Amino acid sequence: MAHGLSSNTPVSDNRHAMTTARNVADGTPGIVVRENLALDGVDAARWNELCEGQPLLSHAFLCALHDSGCASRATGWQPRYLGAWRGDELVGAMPLYAKTHSYGEYVFDWGWADAYRRHGRRYYPKLVAAVPFTPVTGPRLLARATQVKRALLDAAQAIVDRREASSLHLLFLDDADARICEDAGTIARSGVQFHWTNAGYRDFGDFLAAFSHDKRKKVKQDRRKVAEAGVSFVRKVGRDIDARDWDFFFRCYEGTYRAHHSTPYLTPRFFARIAEAMPEHLLLVLGSRGGRPLCAALDVFDGRTLWGRYWGTLDYVPGLHFEACYYQAIEFCLERGIASFEGGAQGLHKLARGLTPLATHSAHVIAEPAFAAAIAEFCARERIDIVHTLGELSEAAPFKSSEKG
């Protein structure tokens, strides 16, 4: 069960409490890292520059999560952002949360928490550097200079060293931040996701031409079943998505969560916020049957990548999920010249639809030495398994042998 912050785990109300200061090794002195950076007090353009313009790390997206209450102390996601300063200039940041549970992360550590519990220790609160409810790879040490990134990591580790949290977890790291964490001696962990890559395909038919005969036939059957069921689709972008569309989307999203005996993490207020603040990054795929709305899938995109995010349906139709969430997304990428489509967490079924496996990376710091040693050993074995799994999955990809390389 989740626990609240313990009495000996203070979270300062001083939004600029200094935690660490050091001279940066590139010869630029005076970098100071402070805790509890107030995101709503940071210039949006500056934040977006630090996060390299990724929509799902953007000022608008994160503020929507906070201001809607989806990621808040009440939901077990207390923001505890770090900011790196050179004088009055913000030169780095870390989206950091004090967590009182392990929901909404997609890098699963329930077994670690259970081991703590069985030994009479408290695993929560822990620190998580991530985008809440968003298993998307990107930077977590937001800075241009490697030395500033390392200062942010050191400051987060210092909170664990003070035993204000049991551990630190940096999730879905890009390659650059994964290397920095590895060099700092953190515990490396790997996972698997499935992504689609645009190899210069002219259209969906050209994409399918790269498949083996049997696999190509299966995708065509998927699409034919949906069409024969009388389902048609429209794709809307940005402000073409109206209030009625958003209401229907949330009805589908919430209903699908409930059908799986789960509670949705996100609220209508959150979706209203991103619809207003970042419409140019939103794609809504709407399916209808007999003139009546049936399903909806919401994706986020920029000029390089489309991220599959949320979906739902009012009724089951064979193949509907594949069409709404994958084939429509791939067609959109082909139309826009978007280079990649990230299909979200897990999902072996994505392999047969032309999404290929790749490794994801996370980094972990565990305060208790005995637990740290056991977790490091587990992650080392797991990384070996992931390497083997990636090889086996790549061999099972639907493409012709020449396309597999």
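Is Asp67 buried, partly exposed or exposed? I looked it up first: Asp67 is partly exposed, because its relative accessibility is 32%. The cut-offs I use are under 20% relative accessible area for buried, over 50% for exposed and partly exposed in between, with a 1.4 Å probe and protein chains only.

**Ground rules.** This is a predicted model, so I note that local features need pLDDT of at least 70, side-chain atom pairs count only at pLDDT 80 or more, and totals for chains, interfaces and linings use all residues. Residues are numbered from 1 along each chain as its sequence is written, and side-chain values use heavy atoms, with hydrogens and water left out.

**Asp67 and its partner.** I found the side chain of Asp67 in a salt bridge with that of Arg273, at 3.0 Å from N to O. Asp67 sits in helix α2 and Arg273 in helix α9, so to speak distant parts of the chain, 206 residues apart. For a salt bridge I require a side-chain nitrogen of Lys or Arg within 4 Å of a carboxyl oxygen of Asp or Glu. Arg273 also counts as partly exposed, because its relative accessibility is 30%. Searching the whole structure gave me 32 salt bridges.

**The helices around α9.** Next I checked how α2 (residues 59-67) and α9 (residues 268-277) pack: their axes come within 9 Å and cross at roughly 155°. That makes α2 roughly antiparallel to α9. Helices here are DSSP runs (H or I, at least four residues) and strands are E runs of at least two, numbered from the N terminus. Axes are lines fitted to C-alpha atoms, for helices over the stretch in contact, with angles from 0 to 180 degrees between N-to-C directions.

I then took α8 (residues 243-259) against α9, where the axes come within 11 Å and cross at roughly 140°. That makes α8 oblique to α9. My angle classes are roughly parallel under 35 degrees, roughly antiparallel over 145, roughly perpendicular from 65 to 115, and oblique for the rest.

**Helices α7 and α10.** Which residue does Arg223 pair with? It is Glu323, with the closest N and O atoms 2.7 Å apart. Arg223 is in helix α7 (residues 213-228) and Glu323 in helix α10 (residues 320-336), so the bridge ties together parts that are 100 residues apart in sequence. Glu323 is buried, because its relative accessible area is 4%.

Glu228 is exposed at 61% relative accessible area, while Arg224 is partly exposed at 43%. Salt bridges with shared partners also join Arg223, Arg235, Glu323, Glu331 and Glu335 into one network.

Glu335 is 45 Å from Ile31, C-alpha to C-alpha, and 304 residues away in sequence.

**A nonpolar patch.** Last, I found Tyr103, Phe108 and Trp110 making a nonpolar surface patch of about 330 Å². Tyr103 lies in the loop between β6 (96-99) and α3 (110-118), and is partly exposed at 46% relative accessibility. Patch residues have over 30% relative accessible area and no salt bridge; like charges are joined within 9 Å, and nonpolar side chains (Val, Leu, Ile, Met, Phe, Trp, Tyr) within 5 Å. The areas are Shrake-Rupley values with a 1.4 Å probe, and for residues only the protein chains shown count as cover.
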